[in-house]
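Here is a short report on one chain. Read it with the structure open beside the text.

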Amino acid sequence: MSRRGQRSPADVVRPPRGLRPWQIRDRCFNVRRRGLDPVEIRAFLHQVADELAVAQTALVAVQEENVRIKNVLRAWQSTQSTNHLYR
């Protein structure tokens with residue numbers, strides 16, 4: 001946050017780009033003769049989507065913590081600079 005309580009662009013955590021878990025779960029493939037087992041494919045896609053959801057959630061949490069740490073550091077630096085006497 002800025003000094004006036006407004007968010008700066010660096011403070012905003014944006015969701016990850018790229019594939020979303022629902023896109024993986026909803027993906028369909030053409031069925032071919034002697035093709036792969038659709039049940040096995042669907043199970044695998046759900047597993048990948050679940051792992052992607054966990055990774056994306058963790059990424060957002062880390063980004064939010066990073067913003068929080070930066071804000072605390074800025075505040076600490078401000079107090080240190082105002083307490084420092086220049087000669």
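Helices (H or I, at least four residues) and strands (E, at least two) are runs assigned by DSSP, numbered from the N terminus. Pro21 has its place in helix α1.

This is a predicted model: local features need pLDDT of at least 70, side-chain atom pairs count only at pLDDT 80 or more, and totals for chains, interfaces and linings use all residues. Residues are numbered from 1 along each chain as its sequence is written, and side-chain values use heavy atoms, with hydrogens and water left out.

**Overall picture**

The chain has 2 helices and 0 strands. Of its 87 residues, 9% are buried. Buried means under 20% relative accessible area, exposed means over 50%, and partly exposed lies in between (1.4 Å probe, protein chains only). The accessible surface of the chain is about 7,900 Å². Carbon and sulfur atoms hold 58% of that surface. The areas come from the Shrake-Rupley method with a 1.4 Å probe; for residues, only the protein chains shown count as cover.

A contact means heavy atoms within 4.5 Å. Take the contacts in the chain with a separation of 6 or more: 68% of them join residues 24 or more positions apart.

**Helix α2**

Helix α2 has 46 residues. How far apart are its end C-alpha atoms? They are 67 Å apart. At 1.5 Å a residue, α2 should span 68 Å, which agrees. The expected span is 1.5 Å times one less than the number of residues in the helix.

Leu45, Ala49, Gln56 and Val67 are buried in α2. The cover over the buried residues of α2 includes α1.

Start with Ala49, which lies in helix α2. Ala49 is buried, at 0% relative accessible area. Leaving aside residues up to four places away in sequence, Ala49 touches Pro21, Ile24 and Arg25. Ala49 and Trp22 are 27 residues apart along the chain, yet 7.0 Å separates their C-alpha atoms.

Now look from the other side. Pro21 counts as buried, at 12% relative accessibility. Pro21 touches Ala49, Leu52, Ala53 and Gln56, again without residues up to four places away in sequence. The C-alpha atoms of Pro21 and Asp50 are separated by 6.7 Å, although the two are 29 residues apart along the chain.

**Salt bridges**

There are 2 salt bridges in the structure. The term means a side-chain nitrogen of Lys or Arg within 4 Å of a carboxyl oxygen of Asp or Glu.

| Salt bridge | N to O distance |
|---|---|
| Arg25 and Asp50 | 2.4 Å |
| Glu65 and Arg68 | 2.8 Å |

What does the salt bridge of Arg25 and Asp50 tie together? Arg25 lies in helix α1 (residues 21-25) and Asp50 in helix α2 (residues 38-83), so the pair ties together parts that are 25 residues apart in sequence. Arg25 is partly exposed, with a relative accessible area of 26%. Asp50 is also partly exposed, at 40%.

Glu65 and Arg68 belong to helix α2. They are 3 residues apart there, which means about one helical turn separates them. Glu65 is partly exposed, with a relative accessible area of 36%. Arg68 is partly exposed too, at 44%.

**Rings and the loop**

Aromatic pairs number 0. Such a pair needs rings of Phe, Tyr or Trp (its six-membered ring) with centres within 6.5 Å; planes under 30 degrees apart count as stacked, over 60 as edge-to-face and the rest as tilted.

One ring does carry a charge above it: the charged end of Arg27 sits over the ring of Phe29, 4.7 Å from the ring centre. For this, NZ of Lys or CZ of Arg must be within 6 Å of the ring centre and within 35 degrees of the ring normal.

Is Arg34 buried or exposed? Arg34 is exposed, with a relative accessible area of 77%. Arg34 lies in the loop between α1 and α2. Its phi is positive, at about 60 degrees, although Arg34 is not a glycine. Most residues other than glycine have a negative phi.
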